[in-house]
Amino acid sequence: MKLVRSRTIGSSVSTAALYAAMACIALLSLAPIWYTTAISFSDKAAAAAGSVTFWPQDFNLVSYATILGDPTFLGAFWISVKRVLLGGAINFVITVLMAYPLSKENREFRFRSAYMWLLVFTMLFSGGTIPLYIVVKELGLFNSIWSLVLPSAVPVFNIMLLLNFFRSIPKELNEAAEIDGAGPWYMLLKVYLPLSLPALATVTLFSVVNHWNAFFDGMIYMRSVDNYPLQTYIQQLVVQVNMQDISGDPNKLDLIAKMSNKTLNAAKIVISMLPILAIYPFLQKYFIHGIMLGSVKE
Amino acid sequence: MRYRSLQKHYHIMLFPGIILLFIFSIVPMFGTLIAFQDFKIGLGIWRSPWVGLENFSYMFELPDSRRIFTNTIFLATAKIVANLTIPLIFAIMLNELRKQKFKRAVQTIVYLPHFLSWVILSSVISDLLLLNGPVNHLFEAFGFEPVMFLASNKWFPYIVVFSDVWKEFGFNAIIYLAALAGVNPSLFEAAGMDGATRLQQIWHVTLPSLRPTIVLLATLAIGNVLNAGFDQILNMYSPLVYESGDVIDTYVYRAGILDGQYGLATAVGLLKSVIAFVLIMTSYQLANRFANYRIF
């Protein structure tokens, strides 16, 4: 649709300024990420001297070659992949199974309200870090991949999102299938799921991104570097080394940053971004839709 | 009733999720009882000695407690204000773009940082802010002294707020953009025919049509007054900037998990959870009254 707008010389100048401003904003969003990428392809000495600006200096792939030969890094990457697959699958099954009964009306499912309150309550009130830490410890889950996937197995926000989508599916369909003798499992698997692909894609992408990006659980539940997922590995071996192991002397902060291998660290950062960048086009397509769904209330 | 026979299946569907919620959400809620204990991990919750409110009174005597509460509220409030206004301005500007391809390209780019973790972005940002990094090069070019941003208590809060806005402004604009998409175009047409300039149109048509969304987001934000952003700060701070950057969540992590003061850390965490719960309930009440918003 084309809007009728008054166009004068003044307004076309302001239009040009607007487009320029928006281009700058977009550039500023990417620039920091681009800068790290440029460092990762630069020569070690140039990066340490701070002479890299926009383009890599003395372009080379040494950092990437080093990483591909680093078993700890590759191991962490693999743990993250496993965690995304296992955690994503568990999230998916739980989300689907909980969203369906909760999408029913109160008269169709008498205990719906009670379950809903329980879910919402767990979303609004948390016992905090320490009690959960102790529970995970007492269950003997330290150092196990289950400590990364079970505590976050029930994604309440995703469940709300999917149940709202289920509610938008016409009731007539439901009744027609029931008359044909379809049970609730058939209904969920053969009627509701095939109709909900966009919503299912949305919640799956959310849970995959969450699992890929999570670092804190790995940090507190994993007791050895060999068990770290990738983000925890980077947190402990890149961020922590840069920021935390300094006491008192402000000059040391910069010294440590210089001493540590900037190009290698930058390459690790870039590789850990790759999976997100790879699924980003799909994310883009669905998440806006997903957010809107989540905010549509009946 | 035909629904009767279905109930059993519904319970079965919910069962696995409820069990997991019970273990990893409900049990920890009861676990907050250790806030009233001198909890020793070897003794467990059953045999650790009860100490009443000692952890709480100790918490208020700590010189750090004032600092972590004020830092938390300050950083969180600054973020709330910035994350409500800047995305609003951005959404309005974006909405003025007529070239759809350009608009979509801008959107695609600015949403990206939202999906990257703070582990990655803190590293990216610290690269930028090093003493010999690009930001300081720029400072020097304009004749300023280079600054060690992440080691300076003066700069740290600004960096926390600014980098959070940088990461989230595009994503936060989505809600506004959706609201704008629902505005009747004939309103703009009418304003244009009456000779309203672009700024007048924004002021008299765009902003008023966004008012309900702004009110809703602002009320819901009340629930975040104690959320200064744990993931971000944990990855950006260092002992040098505890004075301006240490917040409740980072303190709980250090006191509890690193120092093993479980009772104290749980007490601090519990206090936060209770206040946050009250705030969220209040904000939902208000949102319900002013914007007809319901959680479910």
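Colleague: How far apart are the end C-alpha atoms of residues 12–36 of chain B?

Modeller: They lie 37 Å apart in this predicted model, and the span is 80% helix and 0% strand. Helices are DSSP runs of H or I with at least four residues, and strands are runs of E with at least two, numbered from the N terminus.

Colleague: What does UniProt call that stretch?

Modeller: The unreviewed entry annotates residues 12–36 of chain B as "transmembrane region", along with others including 262–284. Such annotations may be inferred rather than shown by experiment; positions follow the numbering used here, and feature names are shortened.

Colleague: And what about the ends of 262–284?

Modeller: In chain B, the end C-alpha atoms of residues 262–284 are 32 Å apart, and the span is 100% helix and 0% strand.

Colleague: Switching to chain A, how many helices and strands?

Modeller: Chain A has 15 helices and zero strands.

Colleague: How many residues are in contact between chains A and B?

Modeller: 86 residues of chain A are in contact with 82 of chain B, a contact being C-beta atoms, placed from the backbone, within 7 Å.

Colleague: Which helix of chain A gives the most to that side?

Modeller: Helix H1, residues 9–40, with 15 residues.

Colleague: What is the mean pLDDT of chain A?

Modeller: The mean is 85, and 86% of the residues of chain A reach 70 or more; pLDDT is the predictor's confidence in each residue, from 0 to 100. Over residues 1–6 of chain A the pLDDT is below 50. Where pLDDT is low, the predicted coordinates should not be read in detail.

Colleague: How are residues and chains labelled?

Modeller: Residues are numbered from 1 along each chain as its sequence is written; chains are lettered from A, and ligands numbered from 1, in the order in which they are written. As this is a predicted model, local features need pLDDT of at least 70 and side-chain atom pairs count only at pLDDT 80 or more, while totals for chains, interfaces and linings use all residues.

Technical notes. Two residues are in contact if their C-beta atoms, placed from the backbone, lie within 7 Å.
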